[in-house]
Amino acid sequence: MIEVYVVEKRRFLMSKKWIAAAAAAILLFSAFPAPPYEAEAAPQEKAKILNDTLNIRKGPGLSYGIEAVARKNESYGVLERTKDWVKLDLPGNRTGWAASWLVQVQSPEKKEYVYATTDDVRIRSGAGTNYRITGSLPEGRQAVLLERKGSWTKVSYDGATGWVASQFIAGRSTGGTKAPEAPKGTNGYITAASLNVRSAPASASSIIGSVKKGTAVVILQTNGSWHRISYSGKTGWVSSDFVSSKAASGTTKPKSGQVTANSLNVRSTPALSGSIAGKVSKNQKVEIIDERDSWLKIRFSGSRTGWVSALYIKSVSEGSTDRVDGGTSGSIRLLSSGTNIRTKPTVSSQVLMRGAAGQTFTVIGIQNDWYQISLPNGRTGFVAGWLAEDSKLGQAIKKPAAANSLKGKTIVIDPGHGGMDGGTSGHGGTLEKNLTMRTAGLLAEGLQSQGANPILTRSSDYYITLGSRVSTSHLKKADAFISVHYDSNPVRTVRGMTVYYYHSSGKLLAQPVKEELIRSTRSKDRGVQFGNYKVLRDNSRPSILLELGFLSNTADEMTVNSNGFQNSAANGITNGLKKYFSQ
C-alpha cells in the first residue's frame, strides 16, 4: 500500500524562491568573519552498535521517541555519557541517545579484540572451510580483530593473520598494544531447560535467541539480576537466576516436550512447505531431538520423527524453572499506563488507583486470571493478569475464557496481492506478495492448532480479484476475515504497523488484534484506522486489513523478513482473535 502525498504547485514554487534567497544570504554572510563562539569539541570516543538493529532515541530513556535506527557494527561519535545512556553524533547534523549496554564505547587509540570461546579455534588462510589451516587460537586467548566477512572474522594473533569462524569467538574492546587474557571467573552454565536471550537487561526487551540447559557461556557483564553472556559467537542478556558457576553433574537426559496446541501438524522438513508426516495432539509428550530456527524436530508415537513449530511445544525437562505457565516470581510489571487496580478481581469493581507502564508490585496471590497485589499505602488490590507480566519470567496470565475461544471458528485469511500483482517491494528486493503468503501460512498453521478452521483466499502465488476474496468470506460465512499486507511510503523513515476497518463490526475486531500484535512484535504502533478498501467495504463479515510493516523502511524490511517477527506476528494475530472471541 502506498500513501500518495500531493504538493500544491504554488507552495512548491514559493519554497524554491525562499531556498534561493536563503542560499544567497548564506553566500553573502560567508564573506565576513564569523562572530566568535565556543565550538563543540569533536567526539573523542566512538560507540559501536552491538545489536542487529538499535533504536536511537530523542532523549536518555525508553519513553523518548525514536530519532533513528542504527545497525550492528556501525560507529558514531560520542557527545555525552550518563550511567545508562550515550549521546551520539548522528549523520545529518542530528543527535540521539542509545542505551549504554547495547553499544561498545571505544577510544580512538583502542584496538578491538576477540577471544576464542572453545578449544583451539582453527585459523585459515581465507574466509571459508575450503581454505588451508594456518594455525589455531587457544580457548580464552585473544586476537586483534581486523575485518568481518559474513560468518568469518579476520584476526591477527601471535604475529600472523588469518580467518576464524565467527561462531567460535566473542569480542570486546581494550586499550594498549598487548591483548590481555580473558577475564577469570566468568564461565557459567545454563540451568533452565530453555532460557530466553534478550537484547537488553529487561524482560520487556525483545528475545534474540535461546540457550539450552547445560550450555557453557561466558559472562561478560552483570546488570542487577541480569548477565550479558557470550554463546556460540553471539551475545545477549539472560536472567542471572538461571546461570550457575558449576556445570550440571551426571549425564544429559534427552529433552522432553509437551504439545500445547489442540492439533499440530508434524512435517517432513522445518518449513510450512514440508509434507505432513503426522499429527500430535494437546498434552501429548514428545522427545525433542533437534532445533532449527523456529522449528523443533521431535520423536513421537514410538519411533516416528518430524518437524513442528516451536511455538506449540512446552519444555517439560526436569529442573526447568524458566517461563512456567501460570507461575510467578513474586512481582509483576504493568504493561501500559492507566491500568486500573481494583478492589476485587472483576472489571465491574471499584478502581483504587491507576498504574503506569513499567510500574512493579509485589504479588500476594492469584485469583482466577487476576493478580492480588500489595499497594504502596499498605492496602491490597487486584489487576487483570492480561494487563501485566511477571517481572522476571516476562509472561502475562491468559484469560481462561480465551483458551478455547477459537475452537470451531472459521477464519478467512487473505494474503494480499499474488501472481501478476506483486504489491509493493522493498529496497532489499522483498516482494509484498511473497511476504503476505508467508505470514498467512504461519497464521493458518497456528489457528488450526487452536481448533479453528482457517481458510486461505489463495494458497500459492497466483492472482485473484478483490471481489473473489470478499466472496470467499461470504461463502464460508467467516467469523472473521483477516487481509494481510505490508506497507510503503515515499518518506522512508516511516515505519510501524496499522490495522484498518470499515464497518463497526470490524472496529471491534481491529482493537484486540492490534493490541496483541504490538505486544507480541513490539513494533511501532500506528493505531487502528478507518480504511476504505474493497475487501472491507463490500464485506458483511467482521473484517480487518493489516499493514504489518513498511518495506520502504530498511529497518522494517529487515525485521519483517526475520523468522522471529513472522512467528511473533502470527502469534499476535492469533492471541488477538482469542481475545476478540472471548469478549
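Author: Helices (DSSP runs of H or I, at least four residues) and strands (DSSP runs of E, at least two residues) are numbered from the N terminus. The model is predicted: local features need pLDDT of at least 70 and side-chain atom pairs pLDDT 80 or more, while totals for chains, interfaces and linings use all residues. Residues are numbered from 1 along each chain as its sequence is written, and side-chain values use heavy atoms, without hydrogens and water.

Reader: How many helices and strands does the chain have?

Author: The chain has seven helices and 41 strands.

Reader: What is the order of the strands in the open sheet of six?

Author: Two strands pair if DSSP finds at least two bridges between them. Here the order is β37-β36-β38-β41-β39-β40, and the pairing is mixed. β37 (453–456) and β40 (525–530) are the edge strands; each has a single partner, so one side of each lacks a neighbour in the sheet. On average, neighbouring strands of this sheet are turned by 20° against each other, direction ignored.

Reader: In what sense do β36 and β37 pair?

Author: β36 (residues 410–415) pairs with β37 in the parallel sense, over four bridges. Within this pair, I411 is opposite P454 of β37.

Reader: Which strands does helix α7 lie across?

Author: Contact means heavy atoms within 4.5 Å. Axes are lines fitted to C-alpha atoms, for helices over the stretch in contact, and angles between N-to-C directions run from 0 to 180 degrees. Helix α7 (residues 563–582) lies across β36, β38 (480–487), β39 (497–501) and β41, at about 150° to β38.

Reader: Is N539 buried or exposed?

Author: Buried means under 20% relative accessible area, exposed over 50%, and partly exposed in between, with a 1.4 Å probe and protein chains only. N539 is buried, because its relative accessible area is 1%. This residue sits in the loop between α5 (534–537) and β41 (543–550).

Reader: What does the side chain of N539 reach?

Author: A polar contact is a pair of N or O atoms within 3.5 Å; within protein, one must be able to donate a hydrogen and the other to accept it, and residues adjacent in sequence count only if both atoms are side-chain atoms. The N539 side chain reaches the backbone nitrogen of R541 at 3.1 Å. A polar atom of that side chain also lies 3.2 Å from the backbone oxygen of V535. Beyond four places in sequence, N539 touches residues including F481, H503 and H474.

Reader: Where is H474 placed?

Author: H474 belongs to helix α3 (residues 466–475). It counts as partly exposed because its relative accessibility is 32%.
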